[in-house]
Structure formats: C-alpha cells, structure tokens
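Please read the following report alongside the sequence and the three-dimensional view, and follow each part of the chain as it is named.

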Amino acid sequence: MNVSYQWLSKYVDVSGFTAEELAEKLTRSGIEVDIVEDRNKGVTGVVVGFVKSREKHPDADKLSVCIVDAGQGEDLQIVCGAKNIDAGQKVPVAMIGAALPGGLQIKRAKLRGVESQGMICSAKELGLNDKLLPKEIQEGILVLPEDTEVGSSILDVLAINDKVLELDLTPNRSDCLSMLGAAYEIAAILGRSVKLPDAEAALQAAGTAGLKAADRISVNITAAEQCSHYAARLIEGVRVGTSPLWMQNRLMAAGIRPINNIVDITNFVMLEYGQPLHAFDADQLNNGHIDVRLAQAGEKLVTLDDVERTLEPHMLLVTDGTKPVAIAGVMGGANSEVTGGTTRILLESAKFAGSSVRRTSRQLGLRSEASLRFEKEVNPEAVLPALNRAAALIAELAGGQVADGIVEAVAGSHKPVSIELGVGRVNNYLGTTLSVAEIGQIIERLHFTYEPAGEDKLLVHVPSRRGDITRDVDLIEEVARLFGYDNIPTTLMTGVTTPGSLTKDQSIRRVARNLLTQSGLHEVITYAFTHPDQTVSLPSLYPAAKPVSLAMPMSEERSELRTSLLPHLLEVVSYNRNRTMDDVAIFEIGKAFVTEEAALATLPEEKLLLSIVLTGKRRQAHWAQKSEAVDFYDLKGIFDRLVSYLGVKGLSYASAAPEGFHPGRTAELLLDGKVIGRMGQLHPTVQQQRDLDDTYVLEVELAPIMDAAGDAIVYKLLPRYPSIGRDLAVVVNTSVPVGHMEQTIAEVAGDLLESIQVFDIYTGERLGANRKSVAISLVYRHAERTLQDEEVTELHAKVVQTLEQQYEAELRK
C-alpha cells in the first residue's frame, strides 16, 4: 500500500513530523515501511506557463518558436520540438537555471540560430512515471488544465513535492489498505484525531435528480453465502471526461493510472475507504436489475481486459438477470463498461466473501486492487459510506444528478465484537505494570470505545474496520504496540519448560544423512515439481501412479508433482557430467506424491523416499592401484550399512526386472516380505538416452524402515572363550539364492553360530552348465564355555547335510 504524505494530511494532523519520521514510528509500532519515495526526482525552477503564440522555426521543420508567459513579468521565447505544442495551452516551463531529473541544468541557448529562454517539459522530463500517466499525455509535452494558475510552481500543481510511504502489510492488517485505515494508525501513534469525509453533507449539497432510485433499479442476492450486502445508487446526466488534476495526482502517488473521471472516482474512493466500487453503464443493464448469483457451468464473460473467461459454478457473478455483467470482486464485464457516451450510471458497493473472490481470482489468474481487498475481507460498515462518497464526487466532478435513496439487498449482518480485557492479563503477558487508566488511554488512541467491566477489567468494543481483533490477546498486542516495544522492561521468563528433542523419525533422517555423507555421498535437494514427460521410461516405485497437475504452475517445466525422486537426481548427474564431473555419488531424502485417481478427488499420498545414484569411478587410479568403476555391490553396501546401523531386522533382497532397470543387475528390497524399494543398474536404453555410463540407482520408502528401526542400543561383553572356524564350498544350481542358504545355515547352527560370511562365488566350465560354487566361512562360539572340536564337527556336518537335502548342494572337492 502506497500512502501519500500530502493525502494523509487531509485526514490526520501530521504537522511536526516528516514522512521519514512517520515511517520510523510506523515501523516501530508493527507496520513496516519498506521505503519512503520522494516524488520529486530533482525538479526545481519549473513553473506553469501560458503559450501565447506558436510559429514555425525558420530553419527547422520539426521545431516551433513559442512565446510563453511564465508569470515572471516578461514573456519568454522558447524553442520546442514537441508535435502537440500549440498556442493557448498551459504547460510546464523550466526557467533559466532550473534543474530536471538526471542532473539536467537549463541554460540560455540557441537552437538553429534562434534563442531559447527555457524549456517546455513533458511528463517524463519531470520525472513522472510514464506507466501511470493517462494515455493521451504519455507522449509530447504535458498540457495542463485551463484553470491552472500561470506562474505557480509545478511542484504544487502536480503534487511532486510529496513523499510516498510504501507499507509492507502483514495479511491481518488489511485495514491499512486504505488511506483512512492508515490515518487511524497514524492518529493512534501520535495521539491525534481523524477527520473523515462528510459524504452525506456533500450529497445533500449536490441535490437529487428528482426521482427515486428504487423506481429505476432493483437488486437481488441469490448467492447469500458469497454476498452478504449489495448496495447501489443511480446517477443520471453524467458527463464522462478527464478527472481533475488533484485526483490524478492522488491516484498516481498510490500507483494507479488515471483513466476517466468515473473510473478514477471509484479508484479514489477504494483507496480512501478500502472499499472497492464498480460503475456500470445503467443503459446496458436489463431494466436496471442486478442479481448476484453463482455462475452456471460453461458460462462465459468478456471482461474489461477484452479476454473471454470461461466460468465455473463456484464463481460469483453480478448479472442483470439475463446475462453476467461482472465477476464479483474481481473485474467488470466489457458489456456494461462505462464509455465516453455513458450518461447513466449504476454505482455498486458490496460485501463479497473473501474466500470466494480469492478462489475465483487465483483460478482465472486475475489479480486486481479490488480483489486484493476483498480477499482480505473489507469493512462491512464501509459499504454505504463509500457508496455515498463516490456518488457525491460523481455529482461534483462529472455533473451527475444522484437519484434519491440507496437500493440494497442484505443477506447477512455484521455482529459487533466486544472483548473483555483484564489489566492483570495485560501485565502478565507484557511484563509491565500498566494501570486501568493507562490502558484506557491507549484504547482511546485506537479510536475504540470501552466501558468498565468489573474490578481492573474493561469491555472493549472493536470497530468493524479492525477485523483482525477477535480475542483479548489481539488487544494486548495493540496495547504493546502503542505503549512502545522499547518501553517494555526487560524481565526474565518464569515457568515450567520442556526440553526439546527430536522425534524418532527426525532422528532417523538425521542419522541417515550423516551415514550417507560419511559413505562419500553428497546430499542434493531438487524440486518437488516436474515436467509431464520427465518420468517416461524411468524407474519408479509407483508405475500406476497418476500425475497430479498444478492449477497455476510457475512454468511447464514445473507443472506436475513428482512421483519419484530419480528423474531429478539423474538431471543432477547429467548436469555434472556436462561439466566434466563424471564421478557422481548423490542422495536425496524427499517426498513423492502418489495417487491412482485420474480425476483427483482427494489429496495425493505423500511418500517419504530415499534415493541414491552412483556412477563413474569408485576410486581413481594412482601408482599403487588401478581405477575401479562403481557396481551394484557399492550401492548395496551403502544401504546395508544404513539399515544395519538402524537395527532393521527382516530385510531381504530378491532379483527383479522392473521397467527402466537392467534385467540382470536389479533387486527388490523386501521388509518382512513386502516390497519397499528397488536398487540396480539403469537399463542400457535409458543410459543411452541420457548419455550416461553405467549408473546404479536405489529408491526406497523410508516409513517402513523407520517403523522397523530399533531405537535401543544393546551392549554385550567381549567374548571370553575362543571361537572355532569352519569353511565350506558347495556347488548348487545358479537359481538358488545365496541369501536363502545363509538363512538355512543360521537356523540349523542355532545360537552357537556367531557369524557367517560368503567369501567367494565361482562359475565356470569345470562346474557344468547352470552351476555355481559358493564358499562360506562359519564361526562358532559358546558364550559360557570352550567348544569341543567334536561338537563343532558334528554341528557343521549337520549344516552340510541340510544344504545337500534342501538345495541339492555338493561339497566342492
């Protein structure tokens, strides 16, 4: 919100304080001021001049020689190159010695042999923002209104000697999205009163058109939940034209471009009261009727920006009973736009539900000053005052005759808010010793009313403009702001505290990050949004997952929620390889969004995943060793270390060949028999498409691992008795999983088996087709005595016998 210092001074006495000082006080009281902008960009010595005559330059076709009365006693001869300069105009004249933005100094000069005693200025040359200027004055010199006084300073005429405070408002302080709201805030800080516009008196002075509005217009609210109050006035005999310069100055200081007197008045009152208004061409409405209803499916409306909008049933419309004429609270329709030929106006002021306007605005991609205010909920008691104020200004500035009476429909009323405030509660919260009288004074500065409510208590009546105040703690905040945060004494906090700690899931995520980085991996964080084609032919834990499209994506590249972390990790690999970083070891812990619904009716399920990608060399070559490429077992070893540290039991691997993976170098991860992830090499076709070397990936759900993780650390004594080791090598069919053999050995050997380790797997012609040799090292130990060789030999023989029976194993000789 841009607040003009000069405009603000119309509502509250700010004498004795500069704009910078007000900005400091506002910031210290809780409303941050981002910047104080000086509208004067370096203009001095520029006055209003009257062009008495204009003659063609004798030696230049594009130059004119003008005689100008600048109110200085003697006429000036000025050479001007603007196409729109003409006799009889009043224009800004930079005198000899004047300064303009950019450090330009005006000096006496000769142009093609003709002396020029100054410069006639355009709006841009005066430092005005050309984007905010009316279209007719964006080019050429600035032509001022005929009633502008000759010789007066252009700083006063264009209000350039003004400063603008840019407020950075939090969402709860929508009351300061208006000049009156800002005035109330400044008045509370300075302890001064607020001067409100007297719209009723102005209307009475303007008189009425001798007819009743209710005879010409009617209003109905069909969508009561979305519109609680709709009021309208009828104004006839309107002359659409240019708004006065003072109003244009106010609008431009607030960052709004002037258009015409009718539109400018509605914008001016919106900025003044915070209540958006809209003006319809009454002759374009069917019998002057207004009906506020929800849109029908597929209904269309061409809005004021000449774009045809397809509407949905949840969108609120203003209609004339036969056709939509505006999207309520967002933008008007082109079919009822005020034009140069408009003479009758239906003026709208309403209270639309913020949630409805917000949803419609976002879905249509239409954000306006009006929708911004409706979204944050406007003051329900400003609907009628703003309507009367705008009607009075139209009567004054556009020659209109206001019909007698307001035509309105009310579907819901505002309930006044009264809050009981205890002095003890205020002081306990703030650590102060304020009295009832001191708190009462602060409440009065806010222009709130109150009454005693028992011993050391006040019943505070909150005005409707402050919709953010609903509880006593909100009032305590107001007391703290106006008492001054710097005045609150420093006190030690007292009370029972709870030591902070991490949840089990947070601890596991932290441990996982530490272990993976210790294993030589780098953590990356990628976007949760992805391109629709990103997951094509890539591995995924959820091949049946349907994409979830964003309603308003930042770009096509980030238009869907990801269903896997791997596509973006592979992008990171390609990014590094393109910069000659071929050895990449990365991981990410993040969420994927999974749903199998084609038409999303419920929110997608968020799956917390761990994904790892390895490619390139495990180690580089040097004089003592050769370089080695990463393989499947590097990836498996990293993951095994993680789950072993977490104490996860029941994890197993099974060979698999899902889409996107190498059919012979891939395994599924199972926890208690349920698939929770996959690891393996990318399919050669995928590697070729992405220009990758052998690349190994893992993606696993973390939730099952977190549930299975043991959170207790168990200690045991170092062994006191010696162990006995036995090795065996058996030949089995290549289809026999070695893991199953390990599990069988552990079951047969029981508690005496301390460890089991596969140290060799061999295949070759000597073993025959489809046969492999598995060499296993077993260590036996008893915790309370020394094992006898005979009992170990007997147990070991039992192990071998079981392998022969269950797996048709043969001892290798």
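## Helix 19 against helix 20

In this predicted model, the contact between helix 19 and helix 20 is formed on one side by His-740, Met-741, Thr-744, Ile-745, Val-748 and Ala-749 of helix 19, and on the other by Leu-795, Lys-798, Val-799, Thr-802, Leu-803, Gln-806 and Tyr-807 of helix 20. Sorted by kind, the residues of this contact comprise 8 nonpolar, 4 polar and 1 charged.

Two packed helices are described by the angle between their axes and the distance between the axes. For helix 19, which spans residues 738–749, and helix 20, which spans residues 789–807, the axes come within 10 Å and cross at roughly 140°, so helix 19 is oblique to helix 20. The crossing of helix 19 and helix 20 is right-handed.

## Helix 12 against helix 13

A second pair of helices can be described in the same terms. Helix 12, covering residues 436–445, packs on helix 13, covering residues 472–483, at an angle of about 90°, and their axes are 10 Å apart; helix 12 is therefore roughly perpendicular to helix 13.

Helix 12 contributes Ile-439, Ile-442, Ile-443 and Arg-445 to the contact, while helix 13 contributes Leu-475, Glu-478, Val-479, Leu-482 and Phe-483. The residues where helix 12 meets helix 13 divide into 7 nonpolar and 2 charged, with no polar residue among them.

In soluble globular proteins, nonpolar side chains tend to be buried together. The largest nonpolar core of this model has 79 residues, of which Leu-8, Leu-165, Val-269, Leu-347 and Ile-439 touch the most other members. Helix 4, made up of residues 179–190, supplies the largest share of this core, with 10 residues.

## An exposed loop residue

Is Ala-621 buried or exposed? With a relative accessible area of 53%, Ala-621 is exposed, because a residue counts as exposed when this value is over 50%. Ala-621 lies in the loop between strand 34, at 617–619, and strand 35, at 628–629. If residues up to four places away in sequence are not counted, Ala-621 touches Lys-626 and Ser-627.

How values were computed. Residues numbered from 1 in each chain as written. Predicted model: local features only at pLDDT ≥ 70, side-chain atom pairs only at ≥ 80, totals over all residues. Heavy atoms only, no water. Axes fitted to C-alpha atoms, helices over the stretch in contact; angles between N-to-C directions. Helix = DSSP H or I, 4+ residues; strand = E, 2+ residues; numbered from the N terminus. Parallel < 35°, antiparallel > 145°, perpendicular 65-115°, else oblique. Left-handed = near helix turned anticlockwise from the far one by under 90°. Contact = heavy atoms within 4.5 Å. Nonpolar A, V, L, I, M, F, W, Y, C, P; charged D, E, K, R; others polar. Core = buried A, V, L, I, M, F, W, Y, C linked by side-chain atoms within 4.5 Å. Buried < 20%, exposed > 50% of the residue type's maximum accessible area, 1.4 Å probe, protein only.
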